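Welcome! Open your viewer, get your selection tool ready, and follow along one stop at a time.

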Amino acid sequence: MNCLVLGDEGALGREVTAWLEERCAAVESAPLAGVAPADLVSGGEAQDPGEIARSIRAFAGVADSLDGLVLCPPLEELRAALEDAPPDDALWGRLVDAWIMGIFHALREAVPLMTARGGGRVVLFGSTRGYTGEGEGEGRVAPGGTLYEAALSSAVTGMMTSIARDVIPQGVAVHGIALGERSGNWTEEIGWALDLWLSGLGDYACGQIYRIY
């Protein structure tokens with residue numbers, strides 16, 4: 001499998017890239033937001049969406065295919081940076097551009113490349129705090145987190161399930177991995193989830209989320 005990781009600004013992206021490098025034929029990583037989380041919170045702007053598209057096209061050209069795409073927000077860094085952030089309209093806009101629109105732009109570029117070759121697999125990372133206060137019917141409410149994290153992760157979930165429904169007839173599987181409240185030492189559990197979603201074992205499912213508490 002030739003796999004591209006977008007989101008190497010954070011520890012999660014670097015951890016995922018290292019794990020995949022031991023298992024895939026070709027792996028590259030590139031920024032998703034294009035700006036450090038602390039700078040994003042204090043006023044930095046996310047990168048031009050064109051940079052995301054160019055990264056995807058460049059990888060698909062060099063590797064001769066784009067079989068897998070993993071989208072990793074700098075989750076732990078954002079959690080730390082947002083902890084004391086006040087409600088702010090401009091911050092909302094920057095976070096939506098960097099996280100939500102970054103994923104949207106990446107999928108808009110990658111999915112046609114995958115369908116043209118007969119299929120592919122996409123994994124999106126989010127937060128179990130996206131279910132804070134609701135529990136999604138599973139009887140568990142994730143503690144902690146901020147309004148920003150909960151709302152942004154919920155948006156990722158909604159976008160993922162909608163896109164998955166649309167593209168699975170074209171052979172592209174889109175699934176998610178949601179991380180809980182603890183930080184660090186995710187490698188083993190993330191590896192299980194990536195094995196499930198990238199190996200093809202989970203292709204029977206559509207738009208599902210593997211939660212790691």
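How far is the sulfur of Cys3 from the closest cysteine sulfur, and in which residue does that sulfur lie? Select Cys3 and Cys24 to find out: the two sulfurs are 5.0 Å apart. A disulfide needs a pair of cysteine sulfur atoms within 2.5 Å, so the gap between Cys3 and Cys24 is too far for a bond. Please keep in mind that you are looking at a predicted model.

**Stop 1: the cysteines**

Cys3 is buried, because its relative accessible area is 0%.

Now select Cys206. For its sulfur, the closest cysteine sulfur belongs to Cys3, 19 Å away, and that is too far for a bond as well. Cys206 is partly exposed, with a relative accessibility of 31%. How many disulfides does the count give? The count comes to zero.

**Stop 2: Gly120**

Next, select residues 120-127. This is strand β4, and Gly120 is part of it. Is Gly120 buried or exposed? Its relative accessibility is 11%, so Gly120 counts as buried.

Show what surrounds Gly120. Beyond its neighbours within four places in sequence, Gly120 is in contact with Asp67, Met114, Gly171, Val172 and Ala173. Then draw a line from the C-alpha of Gly120 to the C-alpha of Gly145: the line spans 33 Å, while the two residues are 25 places apart in sequence.

**Stop 3: the largest cavity**

Time to look inside. The whole structure holds two cavities of 30 Å³ or more. To find the largest cavity, select Leu124, Gly126, Val156, Thr157 and Ile209, which lie nearest its centre among the 13 lining residues. Strand β4 returns here: along with α6 (147-167) and β5 (172-179), it gives two or more residues to this lining. The volume of the largest cavity is about 70 Å³. Colour its lining by class and you will get eight nonpolar residues, five polar ones and no charged ones.

**Stop 4: the second largest cavity**

For the last stop, select Leu32, Ala33, Leu40, Pro73, Pro74, Leu78, Leu95, Ala98 and Trp99, which line the second largest cavity. The space within this cavity is about 60 Å³. Which helix gives the most to its lining? Select residues 89-116 to see helix α5, which supplies three residues. Colour this lining by class too: nine residues are nonpolar, with no polar and no charged ones.

Methods
Residues are numbered from 1 along each chain as its sequence is written. This is a predicted model: local features need pLDDT of at least 70, side-chain atom pairs count only at pLDDT 80 or more; totals for chains, interfaces and linings use all residues. Side-chain values use heavy atoms; hydrogens and water are left out. Buried means under 20% relative accessible area, exposed over 50%, partly exposed in between (1.4 Å probe, protein chains only). Helices (H or I, at least four residues) and strands (E, at least two) are DSSP runs, numbered from the N terminus. Contact means heavy atoms within 4.5 Å. On a 1 Å grid over the protein atoms alone, a cavity is a set of points where a 1.4 Å probe fits but cannot get out, and a pocket is an open set with protein on both sides within 12 Å along at least five of seven lines; lining residues have an atom within 4 Å of a point. Grid points are joined across faces, edges and corners, and a volume is the space filled by probe spheres set on the points. Ala, Val, Leu, Ile, Met, Phe, Trp, Tyr, Cys and Pro count as nonpolar, Asp, Glu, Lys and Arg as charged, and the others, Gly among them, as polar.
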